[in-house]
Amino acid sequence: MPLSTTLDFVLPRTNQFLQILKQSIVQNPLLLDTEYHEGREESGIWQPFPHGAYWGRHDTWYRFRADFTIPPEYAEHYVRVRLRTCREGIWNAINPQVLVRVNGQIVQALDSNHNSFPLSFSAEAGTRYHLDFEVYAGREVGNRSFQDLP
């Protein structure tokens with residue numbers, strides 16, 4: 001098959017596929033209200049964690065948690081959770097490391113270069129999720145913050 005014939009077939013199919021993907025992207029990210037406490041244990045004195053607040057001391061563990069219900073406008077869409085530590089692009093052993101649990105099951109590990117995971121490939125409105133993040137602050141001295149999505 002000549003190249004021009006192949007492209008005549010492939011390009012329209014690719015564009016069709018891209019249109020389907022574009023329709024499944026939700027453009028309005030939500031900021032989750034979270035609670036946290038110092039330590040690795042699930043039990044502790046949980047406190048609200050304000051968006052943009054600083055957290056983390058040198059060589060310390062924290063737990064963060066949030067409950068999330070899929071809103072109607074996310075129905076049948078791909079839903080991804082992203083956690084930005086403000087240290088993206090700089091990977092080494094001293095940056096924050098995160099173990100993620102969804103509804104009590106470990107699903108992902110995150111760090112400065114791996115900062116998101118799929119929550120649902122085709123979300124169902126009204127589905128509830130309990131998110132739990134076990135976070136090691138790292139060995140670098142200084143404050144840490146979770147960056148809100150743009």
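**Figure 1. Antiparallel pairing of strands β4 and β9 in the predicted model.** Strand β9, residues 128-136, runs antiparallel to β4, and 9 bridges join the two. Within this pairing, A66 has L131 of β9 as its bridge partner. In a regular strand, side chains alternate between the two faces of the sheet.

**Figure 2. Pairing of strands β1 and β4.** Strand β1 comprises residues 34-38 and strand β4 residues 61-69; they pair in the antiparallel sense over 4 bridges. E35 stands opposite R65 in β4. R65 also lies over the face of W46, at 3.9 Å from the ring centre.

**Figure 3. The aromatic pair Y36 and F49.** Across the whole structure, 5 aromatic pairs are found. The ring centres of Y36 and F49 are 5.3 Å apart and their planes stand at 80°, so this pair is edge-to-face; the angle lies over the cut-off of 60 degrees for that class. Y36 belongs to strand β1 and F49 to strand β2 (residues 47-49), so the pair links distant parts of the chain, 13 residues apart. F49 has a relative accessibility of 9% and therefore counts as buried. Together with F64, Y36 and F49 form one aromatic cluster.

**Figure 4. The aromatic pair Y78 and F121.** The rings of Y78 and F121 form a tilted pair, with 5.4 Å centre to centre and 45° between the planes. Y78 is placed in the loop between β4 and β5 (79-82), whereas F121 is in the loop between β8 (116-120) and β9. These two residues are 43 residues apart, and their pair links distant parts of the chain. Y78 counts as partly exposed because its relative accessibility is 33%. F121, at 63% relative accessibility, counts as exposed.

**Figure 5. The charged end of R40 over the ring of W61.** R40 places its charged end over the W61 ring, 3.8 Å from the ring centre. Strand β4, which spans residues 61-69, pairs with β1.

**Figure 6. Overview of the protein chain for orientation among the close-up views.** The chain contains 1 helix and 10 strands, in the sequence order α-β-β-β-β-β-β-β-β-β-β. Of its 150 residues, 35% count as buried. Among contacts with a separation of 6 or more, 71% are between residues 24 or more positions apart. The accessible surface of the chain comes to about 9,600 Å², and carbon and sulfur atoms account for 55% of that surface.

How values were computed
Residues are numbered from 1 along each chain as its sequence is written. This is a predicted model: local features need pLDDT of at least 70, side-chain atom pairs count only at pLDDT 80 or more; totals for chains, interfaces and linings use all residues. Side-chain values use heavy atoms; hydrogens and water are left out. Two strands pair if DSSP finds at least two bridges between them. Rings of Phe, Tyr and Trp (its six-membered ring) pair if their centres lie within 6.5 Å; planes under 30 degrees apart count as stacked, over 60 as edge-to-face and the rest as tilted. Buried means under 20% relative accessible area, exposed over 50%, partly exposed in between (1.4 Å probe, protein chains only). A charge sits over a ring if NZ of Lys or CZ of Arg is within 6 Å of the ring centre and within 35 degrees of the ring normal. Contact means heavy atoms within 4.5 Å. Accessible areas come from the Shrake-Rupley method with a 1.4 Å probe; for residues, only the protein chains shown count as cover.
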